[in-house]
Amino acid sequence: MKALFNYIKEVLGGFYTLLQGLGVTGKYLFTPWNYVTQSYPENREKLQMFERFRGEVIMPHNENNEHKCTGCGLCELACPNGSIEIISKSILTEDGKKKRIIDKHIYHLGMCTLCNLCVRACPSDAIIMGQKYEHAVYNRSNLTKVLNKPGSKIMEGIKE
Amino acid sequence: MAEYREIIFNSDKIQTDDYFVNIGPQHPSTHGALRIVAKLEGEIVQSIDPVIGYIHSGIEKMCESLSYPQLIHLTDRMDYLSAHMNNEAVCLCIENALQVEVPERVKYIRTIMDELTRIASHQLWWCATGMDMGAMTTFFYGLRDREPILDIFEETCGARMTFNYNVPGGLMFDIHPNFQKRVKDFIRYFRKKLPEYDTLLSGNVIFKERTKGLGVLSKEEAIAWGVTGPSGRASGYSCDVRKLHPYSAYPYVKFEEKLATDGDTFWRYQLRIEEMWESMKIIEQLIDNIPEGDFAVKMKGVIKLPEGEFYQRVESARGEFGVFIVSDGKKNPYRLKFRSPGFSNLFVLNELVKGVKIADLVAIMATLDLVIPDIDR
Amino acid sequence: MAFSIYDFTDLAQSIHNGLSSSLTPVWTTVIEWAIIGILYILFVALFGLFLVYAERKVCAAIQQRIGPNRVGPYGFIQTIADFIKLLMKEIINPKGVDHFLYNLAPYIVIATVFIIISMFPFAPGLQSFDFDIGVFFVTAVSSVGVIGILLAGWSSNNKYSLIGGIRSGAQIISYELSVGLSLITMIILSGTMQISGIVNGQADGWFLFKGHIPAFIAFVIFIIAGTAETNRGPFDLPEGESELTGGFHTEYSGIKFAFFFLAEYMNLFIVAAMVTIVFLGGWQPLHFGTGNGFNAAMDLLPPIIWFFLKVCTIILLIMWFKWTFPRLRVDQILTLEWKYLLPINLFNIILMSVVVLMGWHW
Ligand code: SF4
Ligand code: SF4
């Protein structure tokens with residue numbers, strides 16, 4: 001008799017736990033408007049990344065097409081995987097002195113691990129982390145970028 | 001026909017062969033590129049042989065050519081679910097070697113981040129376990145609740161998985177002003193949602209029947225195989241590094257090291273759920289008391305460790321994670337070795353699965369909580 | 001031509017009369033068969049696709065997602081697009097398969113579906129076969145489907161498929177028993193095996209309500225066993241994707257895979273329709289007693305809508321199971337059947353006999 005009682009208890013108890021599980025999912029099943037996902041390409045306009053979000057390395061330029069990079073190459077040294085190449089050139093300043101400035105700040109997005117070390121290393125805050133998150137391209141070579149814009153100059157007052 | 005009859009009635013003429021099934025490297029329940037060669041008899045597993053190395057990336061060797069601040073970011077990519085603990089282990093090791101005392105604020109923030117990472121990792125583990133058992137919906141509930149944590153990380157660290165938030169001597173940034181509020185919101189939210197996990201999966205009679213008494217790991221075996229983390233503690237092996245060798249702010253907080261004695265799949269599951277409750281308690285004790293101060297001490301431009309050997313262990317979400325650095329006084333390590341919990345936990349699998357069904361193999365594997373890059377490195 | 005959405009008997013009769021007035025009896029039969037065949041193929045394809053869509057939306061709702069929402073309004077055309085994609089896919093014949101059986105298997109599975117569906121009365125007059133052992137016939141034919149699954153598992157030359165196929169065999173053969181026994185329970189109540197007879201017997205109240213407790217127990221057992229027979233979660237061992245990747249249809253592609261896929265969903269429909277017919281009165285509107293105002297109000301909705309309403313409710317229930325519960329293990333499936341469902345079922349038959357003998361049912 002006791003065995004039979006236990007048997008029935010087991011069956012009903014098992015059933016009860018199953019019903020509880022159904023209750024949890026049922027709560028969401030019958031409120032289908034409470035979804036948590038986002039419709040991605042539609043909300044592209046509104047989608048705001050957090051300010052510290054690391055999407056890519058960029059070099060901000062001001063309205064006169066001037067940047068802050070002195071071409072010191074510290075970011076190249078700090079980068080763990082060689083994503084940055086600095087090509088500098090020497091020019092003659094007005095007072096006839098020779099000076100090395102940045103020619104090309106080459107950045108390989110395809111190799112970058114977005115570790116933020118280059119940004120920390122830069123003494124003049126010339127590079128920062130950008131917020132762009134759609135990096136898909138049709139050709140891998142498009143991932144290699146030159147960060148200083150053509151014809152750009154170094155800002156006044158940035159010392160070596 | 002006569003031939004067949006002869007074969008059937010003279011069974012010694014039937015050629016038998018072991019029945020091998022390859023689970024992986026491309027298989028939904030190995031959670032990565034792990035290959036398990038299972039020897040079966042019908043549905044019953046005779047033995048298994050894990051084959052690893054499909055995504056070996058040579059991180060230890062790579063570290064030898066990188067400077068100390070640079071190599072931290074590689075540890076994110078090993079056990080990507082406890083990236084923060086891995087980062088911290090390396091930083092602690094370097095700081096101990098240089099005898100740098102980090103500010104209290106750093107310790108508190110690191111501990112909070114550790115525990116958040118632990119919760120996030122256990123959530124993802126919970127999703128995957130449910131899915132391995134055939135309950136698809138758990139996957140989405142777990143990910144839904146993990147999202148607020150990832151938002152917290154993204155706001156403060158700038159990334160969702162590979163944070164690289166620790167640097168030798170402190171942190172990369174100070175916490176975001178919203179940090180405390182968001183963490184508290186999350187704890188409030190998750191305290192409501194966690195019981196749902198119990199009702200949906202662990203309270204369920206099917207789940208209990210499937211996991212209780214399955215894949216029992218004794219305490220002696222756990223110690224012998226070096227199984228740590230919740231998997232080891234389910235067998236009664238007290239191995240919580242946070243308690244045994246406290247680091248960062250763990251000495252200041254009160255929490256329990258959850259232990260069980262059964263060592264079966266169900267308790268390995270249950271302990272992780274309980275750890276989430278404990279983690280929330282730890283965070284609650286710290287979050288309002290983060291002391292003011294610097295978020296990093298000023299380190300030299302080029303960090304050189306003194307000659308010698310240094311070891312530091314932390315409790316990652318999967319068990320004891322250790323960093324062993326041999327330095328010859330240069331700016332990069334002479335040799336660097338990671339003791340990863342997943343590696344030891346994987347190889348005990350063969351002991352656990354003898355005589356279980358294939359479906360149980362998947363369940364046991366799920367509760368060992370394997371992360372493949374952690375094993376392969 | 002008399003036409004009414006409430007009763008299709010006149011419509012069928014007038015088509016028959018029209019055809020036989022101008023054709024010989026043989027041609028009349030052939031053309032009628034052709035019409036019925038085309039209607040069934042259309043029904044299976046469209047309702048199958050609808051079920052796939054419904055399943056996606058239901059699981060999306062449970063998982064707090066939106067579900068398909070790109071192709072067509074609310075993603076309604078998504079499954080049709082998927083189906084077209086499947087049709088255009090290459091049909092792969094892996095090395096070492098037993099070609100004849102490998103190609104035969106999907107047809108067995110889908111043919112079973114058609115045979116069973118032909119037994120169902122969708123509305124008064126909308127049933128193509130009706131004979132005195134209808135329920136028995138349905139259970140008999142439904143076990144033929146498993147042969148297709150076994151063949152698929154065996155002939156694919158794939159270990160996962162083989163395990164899946166064998167699992168499916170063990171599972172369906174044992175759950176057949178529970179399905180049969182709970183149907184017997186209801187047959188005791190209805191006194192007939194003829195499907196139209198069973199439906200007509202529920203004009204004054206559904207059997208679920210008429211049979212009190214034993215009918216309810218049989219109802220629960222039937223739904224559990226029926227879910228198991230359709231190989232759906234939590235009984236989806238034959239294709240348990242976390243263990244066996246795809247189970248018995250791992251090696252199939254293109255249209256053959258589509259056949260398995262469609263057959264799975266139509267089996268879901270079959271189980272739901274059987275529940276509807278045996279327990280919930282088929283196309284009968286919700287009636288209590290005879291000739292009162294409530295019944296008249298319920299009669300306003302056409303029977304065919306009643307039928308599909310009930311079917312969809314049961315299907316929703318079964319989908320809800322799938323997305324909630326973890327999968328059982330193979331030995332637990334057998335334990336559940338032989339240790340729990342079978343004894344309860346046998347006991348239930350006795351209970352039902354007592355209820356019927358004592359005249360406690362309405
Ligand atoms: S973010 Fe890291 S990997 Fe990328 S360029 Fe900067 S230092 Fe190199
Ligand atoms: S970006 Fe900064 S660190 Fe890099 S070369 Fe320019 S100034 Fe130097």
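Visitor: Is Asp369(B) buried or exposed, and what is its relative accessibility?

Guide: Asp369(B) counts as buried, at 6% relative accessibility, where buried means under 20% relative accessible area, exposed over 50%, and partly exposed in between, with a 1.4 Å probe and protein chains only. This is a predicted model, in which local features need pLDDT of at least 70 and side-chain atom pairs count only at pLDDT 80 or more, while totals for chains, interfaces and linings use all residues. Residues are numbered from 1 along each chain as its sequence is written, chains are lettered from A and ligands numbered from 1 in the order in which they are written, and side-chain values use heavy atoms, with hydrogens and water left out.

Visitor: Which residue does the side chain of Asp369(B) meet in a salt bridge?

Guide: A salt bridge is a side-chain nitrogen of Lys or Arg within 4 Å of a carboxyl oxygen of Asp or Glu. The partner of Asp369(B) is Arg318(B), at 2.9 Å from N to O. Asp369(B) lies in the loop between α15 (358–368) and α16 (372–376) of chain B, and Arg318(B) in the loop between β6 (308–316) and β7 (319–327), so the pair ties together parts that are 51 residues apart in sequence. Helices (H or I, at least four residues) and strands (E, at least two) are DSSP runs, numbered from the N terminus. Arg318(B) counts as buried, at 0% relative accessibility.

Visitor: Where is Glu196(B) found, and with which residues is Glu196(B) in contact?

Guide: Contact means heavy atoms within 4.5 Å. Glu196(B) is found in helix α7 (residues 179–202) of chain B and is buried, with a relative accessible area of 8%. Leaving aside its neighbours within four places in sequence, Glu196(B) is in contact with Val24(A), Lys27(A) and Tyr28(A) of chain A, and with Tyr141(B) and Arg144(B) of chain B. The side chains of Glu196(B) and Arg144(B) also make a polar contact at 3.2 Å, a term that denotes a pair of N or O atoms within 3.5 Å; within protein, one must be able to donate a hydrogen and the other to accept it, and residues adjacent in sequence count only if both atoms are side-chain atoms.

Visitor: How should I read a helix, and where does α4(C) bend?

Guide: An α-helix has 3.6 residues a turn, so residues three or four places apart point the same way. Helix α4 of chain C (residues 99–117) has 19 residues and reaches 29 Å from its first C-alpha to its last, close to the 27 Å expected at 1.5 Å a residue, the expected span being 1.5 Å times one less than the number of residues. The bend of about 25° is at Ala105(C), and a proline, Pro106(C), follows within four residues; the bend at a residue is the angle between axes fitted to the seven residues ending there and the seven starting there. Buried residues of α4(C) include Leu101(C), Ala105(C), Ile108(C) and Thr112(C), and the buried residues of this helix pack against α2 (25–62), α5 (134–142), α6 (145–155) and α12 (254–278) of chain C.

Visitor: Which residues have a positive phi although they are not glycine?

Guide: Most residues other than glycine have a negative phi, and most peptide bonds are trans. Ser248(B) has a positive phi of about 40°; its place is in the loop between α11 (241–244) and α12 (265–287) of chain B, and Ser248(B) is buried, with a relative accessible area of 11%. Tyr74(C) has a positive phi of about 55° and is found in the loop between α2 and α3 (78–88) of chain C, where Tyr74(C) is exposed, with a relative accessible area of 66%.
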